[in-house]
Amino acid sequence: MSAPPLPLLGQSLAALKDWAVAQGQPAYRGQQLHTWLYQKGIRSLQEVTVFPKAWREALGDYPVGRSQVVQRTETRDGTVKLLLQLADGELIETVGIPTAKRLTVCVSSQVGCPMACDFCATGKMGYRRNLKLHEILDQVLTVQEDFGRRVSHVVFMGMGEPLLNRDTVVQAIRSLNQDIGIGQRHITLSTVGVPRQIPWLAQQKLQITLAVSLHAPNQELRQQLIPSAAHYPLEALIRDCRDYMLSTGRRVSFEYTLIAGVNDLPIHARQLAHLLRQASQSGARLHVNLIPYNPIAEANYQRPHPARVAEFVRLLEEHHVQASVRQTRGLDGNAACGQLRGSFLHPSSLPSPEPALGRS
Ligand code: SAH
């Protein structure tokens with residue numbers, strides 16, 4: 001049996017031209033297809049009305065590579081969470097976050113996640129598989145279609161650890177840029193840190209923003225919250241971030257989920273400032289993004305009081321570390337940071353996860 005054809009979504013202009021020629025058509029049909037795939041967002045080749053009818057009929061249901069929207073939740077602030085079903089039946093979530101000027105998509109890079117962070121709903125569901133290129137691009141096109149508006153920003157902050165699916169994620173970044181037309185500077189990749197991957201990313205010569213999920217100012221506490229941190233000492237992570245900033249000239253943003261009584265005390269702010277000053281001494285530019293904890297059913301943590309959050313910011317700034325507080329969006333629909341888990345399904349109805357990576 002021959003392998004099923006490669007989905008069209010994710011293929012470059014040159015590859016689509018070759019595909020058209022291989023189908024016995026002139027190369028410009030590939031150019032047309034590129035526009036219809038990436039700009040008009042077709043779900044089936046039958047929608048490409050500029051193609052000759054006889055050819056469309058011959059193509060039948062040739063795979064475009066779009067996923068099915070199986071559920072949609074809109075929260076009070078206009079954030080939209082979509083549950084998508086992939087060709088093999090797996091489910092992922094993607095979130096569209098609108099403001100007056102921006103439409104940001106929070107994309108997933110894996111089905112589930114093996115990192116098992118203790119405060120994250122995705123981490124609690126276990127790992128299923130990496131997403132394919134077309135499955136990542138589809139999320140952006142689907143949000144664009146849902147809002148009837150161009151996506152301006154993409155953040156790899158949905159389900160999964162992007163650096164465990166690095167080749168596909170980097171291909172997706174290039175395609176978002178070259179095929180869909182999103183500026184690389186409007187793309188952020190967020191990682192909790194995977195050994196050796198930040199230096200690798202630096203070599204890819206991308207203009208994206210790197211965000212690193214830190215969540216603790218010392219190794220002991222970090223390991224408690226993030227089991228995979230045991231394999232990547234904080235010191236090594238900070239050194240890799242500093243080298244990344246120096247070699248790419250791009251600012252690194254550090255994410256820090258503030259959990260009441262766990263990592264939000266004044267001592268933690270001071271330790272964090274001290275840790276980051278080491279990284280920035282060599283002129284590297286950095287920024288801290290504080291995320292007040294969003295409650296999840298599987299963990300017994302609390303969101304800090306706003307006064308605690310404000311005090312944390314003040315202490316960081318007193319120590320010359322730039323910080324901002326991420327505005328919570330989508331909380332009432334479980335669409336906020338850390339709450340994604342294909343949650344329309346009861347977790348117990350999912351088959352048991354594969355063995356986790358990076359954990360002993
Ligand atoms: N695996 C990557 C990409 C996911 S990003 C990473 O960890 O960076 C998801 C962001 O939301 C991360 O910064 C994560 O730590 C944060 N987050 C996870 N659970 C959260 C929760 N319950 N409340 C607030 N932020 C959370």
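User: Before we start, what does the model count, at which pLDDT, and how are residues numbered?
Analyst: This is a predicted model, in which local features need pLDDT of at least 70 and side-chain atom pairs count only at pLDDT 80 or more, while totals for chains, interfaces and linings use all residues. Residues are numbered from 1 along each chain as its sequence is written, and side-chain values use heavy atoms, with hydrogens and water left out.

User: OK, how is the chain divided into domains?
Analyst: There is a domain 1, residues 13-59, and a domain 2, residues 68-345, with bounds that come from an automatic or database domain assignment. Their centres, taken over C-alpha atoms, are separated by 36 Å.

User: And how many residues are in contact between domain 1 and domain 2?
Analyst: Seven residues of domain 1 are in contact with 10 residues of domain 2, where contact means heavy atoms within 4.5 Å. The two domains bury about 660 Å² between them, with 33% of that on carbon and sulfur atoms; buried area here is the accessible area (1.4 Å probe) that two parts lose on being put together, summed over both.

User: What about polar contacts across the interface, how many residue pairs?
Analyst: Five residue pairs, both members at pLDDT 80 or more, are in polar contact between the domains. A polar contact is a pair of N or O atoms within 3.5 Å; within protein, one must be able to donate a hydrogen and the other to accept it, and residues adjacent in sequence count only if both atoms are side-chain atoms. On the side of domain 1 that touches domain 2, the largest share, three residues, comes from helix α2 (residues 28-38), helices (H or I, at least four residues) and strands (E, at least two) being DSSP runs numbered from the N terminus.

User: Changing topic: is His-287 buried or exposed?
Analyst: His-287, in strand β11 (residues 286-292), counts as buried at 11% relative accessibility; buried means under 20% relative accessible area, exposed over 50%, and partly exposed in between (1.4 Å probe, protein chains only).

User: Which side chains does His-287 join in polar contacts?
Analyst: The side chain of His-287 makes a polar contact of 2.8 Å with that of Gln-322 and another of 2.8 Å with that of Ser-324. The C-alpha atoms of His-287 and Phe-254, which are 33 residues apart along the chain, are separated by 6.1 Å.

User: And Arg-129, where is that?
Analyst: Arg-129 is in strand β6 (residues 127-130) and is buried, with a relative accessible area of 14%. Its side chain has polar contacts with Asp-88 at 2.8 Å and with Glu-135 at 3.0 Å.

User: How many salt bridges does the whole structure hold?
Analyst: The structure holds 17 salt bridges. One of them joins the side chains of Lys-81 and Glu-93 at 3.5 Å, N to O; Lys-81 lies in strand β2 (residues 80-85) and Glu-93 in strand β3 (residues 91-98), so the pair ties together parts that are 12 residues apart in sequence. Lys-81 is buried at a relative accessible area of 1%, and Glu-93 is buried at 0%.

User: Which pair links distant parts of the chain?
Analyst: Glu-255 forms a salt bridge with Arg-326, the closest N and O atoms being 3.2 Å apart. This pair links Glu-255 in strand β10 (residues 252-258) with Arg-326 in the segment after β12 (323-325), 71 residues apart. Glu-255 counts as buried at 3% relative accessibility, as does Arg-326 at 18%.

Key: A salt bridge is a side-chain nitrogen of Lys or Arg within 4 Å of a carboxyl oxygen of Asp or Glu.
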